[in-house]
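User: Could you take me closely through a single part of this model, the surface that lies beside the DNA, and then show how that part fits with the rest?

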Protein chains: 2
Amino acid sequence: MTSNTRPISVDDAAPIGFQKHDHENCVETALAAAESRCKEEGLRLTPVRRKVLEMLLQEHRALGAYAILDRLRDAGFGSQPPVAYRALDFLVQNGFVHKIERLNAFVACSHPGAAHSPAFMICRKCDAVAEAQSAPAKGVLGAAARAAGFEIERTVVEAEGLCPDCTEKAPK
Amino acid sequence: MTSNTRPISVDDAAPIGFQKHDHENCVETALAAAESRCKEEGLRLTPVRRKVLEMLLQEHRALGAYAILDRLRDAGFGSQPPVAYRALDFLVQNGFVHKIERLNAFVACSHPGAAHSPAFMICRKCDAVAEAQSAPAKGVLGAAARAAGFEIERTVVEAEGLCPDCTEKAPK
DNA sequence: ACCCTCTGTGTGATTTTATAACGTTACGAG
DNA sequence: CTCGTAACGTTATAAAATCACACAGAGGGT
């Protein structure tokens with residue numbers, strides 16, 4: 001499906017999270033993408049996992065594991081923490097979902113398919129989360145790492161602040 | 001742990017964390033700096049707070065709140081979680097200590113006094129933590145934020161990987 | 001068909017991390 | 001000294017994450 005995967009340019013780096021978009025479509029597209037990628041790679045997108053991914057795509061924001069768990073229970077799945085955590089592990093492992101460390105919460109990946117080291121903008125008012133690209137290893141941090149002999153394997157980049165809506169409403 | 005002395009060839013970008021240095025001195029200097037800054041700014045570096053800062057300076061790595069709490073108890077302070085969390089709040093608030101979101105743990109700031117948005121390198125093997133500078137708002141992320149109308153107030157930048165020592169030992 | 005193994009699921013219990021709520025103490029301004 | 005506030009100590013509880021173990025179902029080999 002992601003044959004139409006767009007190259008990530010700076011403009012395009014404008015995050016999905018804070019803008020109006022065709023939500024129905026965005027959810028369906030992403031789900032379909034996940035499905036086909038799993039088929040390709042022999043991964044098993046089981047009902048629980050699919051449900052969790054769907055939930056996270058529906059909300060365009062970070063959900064805690066227990067919020068997810070509640071919804072799973074309502075949907076008739078197991079209701080103990082490991083159920084949610086295992087599904088999340090799978091989804092994170094395979095890049096369908098990202099963990100927001102700052103919030104101990106999870107969001108669906110907005111750039112399905114693209115190899116990326118994600119960066120997030122988190123609104124401290126309304127908790128909206130938008131995903132952008134980052135290239136932390138290219139900047140000052142990368143230089144520091146090389147200088148120190150540190151091998152970067154993975155990066156967490158999370159910006160906290162005010163989203164456009166909240167800036168307007170509370171220009172304080 | 002490692003008595004392995006590496007050349008202190010330091011390029012300024014190089015972080016303090018992964019190198020041998022005069023630890024005694026570094027602890028004392030930092031404590032003194034904290035004290036004088038608190039005096040200047042009318043902040044109260046109380047015994048608990050001072051003790052916590054000292055502990056974090058001693059270890060050059062991240063400690064969880066409960067590890068800190070244990071040591072506080074041993075030192076004769078209150079032994080309930082809020083004691084540690086309150087001290088940590090104060091220290092983080094005033095820039096003496098940083099929280100490592102990835103680890104839910106805390107490290108003393110390595111660049112006392114300098115206005116900074118810190119970045120961390122975290123060794124996944126030995127948990128060593130080094131602090132470097134970052135300028136996330138200057139790069140791709142900054143561009144994305146401007147494009148989206150997002151106002152960045154604070155950033156979390158944490159790189160996970162292998163520190164020099166662990167790279168040598170387990171080149172895997 | 002069968003057995004076997006491996007992965008995923010369901011559940012109870014527990015650990016780890018963090019906050020709420022409330023009374024008491026200590027400090028500084030007046 | 002007296003008052004108001006900031007810091008502390010304690011009990012209790014919430015929130016986040018993991019452990020341990022049993023069972024179910026898919027696939028492979030025979």
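**The surface near the DNA**

In this predicted model, the surface near DNA strand C draws at least two residues from each of four helices, namely helix H2 (47-58) and helix H4 (81-93) of chain A, together with helix H3 (65-74) and helix H4 (81-93) of chain B. The largest share of that surface, five residues, comes from H4(A). There are 20 residues around DNA strand C, and those that come nearest are Thr46(A), Gly78(A), Gln80(A), Pro82(A) and Pro81(B). Sorted by class, the residues of the surface near DNA strand C divide into 11 nonpolar, six polar and three charged.

If you now turn to DNA strand D, you find 20 residues surrounding it, of which the closest are Pro81(A), Thr46(B), Gly78(B), Gln80(B) and Pro82(B). Here helix H3 (65-74) and H4 of chain A, together with helix H2 (47-58) and H4 of chain B, each supply at least two residues. The largest share of the surface near DNA strand D, five residues, comes from H4(B), and by class this surface has 11 nonpolar, six polar and three charged residues.

Chain A can be laid on chain B with an RMSD of 0.1 Å by a turn of 180 degrees and a shift of 0.0 Å along the axis. The two copies are therefore related as by a two-fold rotation axis. In chain A, the C-alpha nearest that axis belongs to Val157(A), at 2.3 Å from it. The same surface serves both copies, since 98% of the contact residues of chain A recur in chain B.

The contact between the chains takes 41 residues from chain A and 40 residues from chain B. On the side of chain A that touches chain B, the elements giving two or more residues are strand E3 (118-123), strand E4 (129-133), helix H5 (140-148), strand E5 (151-162) and helix H6 (164-169) of chain A. The largest share of that side, 12 residues, comes from E5(A), and the residues of the side divide into 26 nonpolar, seven polar and eight charged.

H1(B) is followed by Gly42(B), whose phi is positive, near 70 degrees.

The mean pLDDT of chain A is 86, and 88% of its residues reach 70 or more. Over residues 1-15 of chain A, however, pLDDT stays under 50, and for this stretch the model has 33 contacts beyond four places in sequence.

Technical notes. Residues are numbered from 1 along each chain as its sequence is written. Chains are lettered from A and ligands numbered from 1 in the order in which they are written. This is a predicted model: local features need pLDDT of at least 70, side-chain atom pairs count only at pLDDT 80 or more; totals for chains, interfaces and linings use all residues. Two residues are in contact if their C-beta atoms, placed from the backbone, lie within 7 Å. Ala, Val, Leu, Ile, Met, Phe, Trp, Tyr, Cys and Pro count as nonpolar, Asp, Glu, Lys and Arg as charged, and the others, Gly among them, as polar. A residue is near a molecule or strand if its C-beta atom, placed from the backbone, lies within 6 Å of it. Copies are superposed by least squares on the C-alpha atoms of residues with pLDDT of at least 70 in both. pLDDT is the predictor's confidence in each residue, from 0 to 100.
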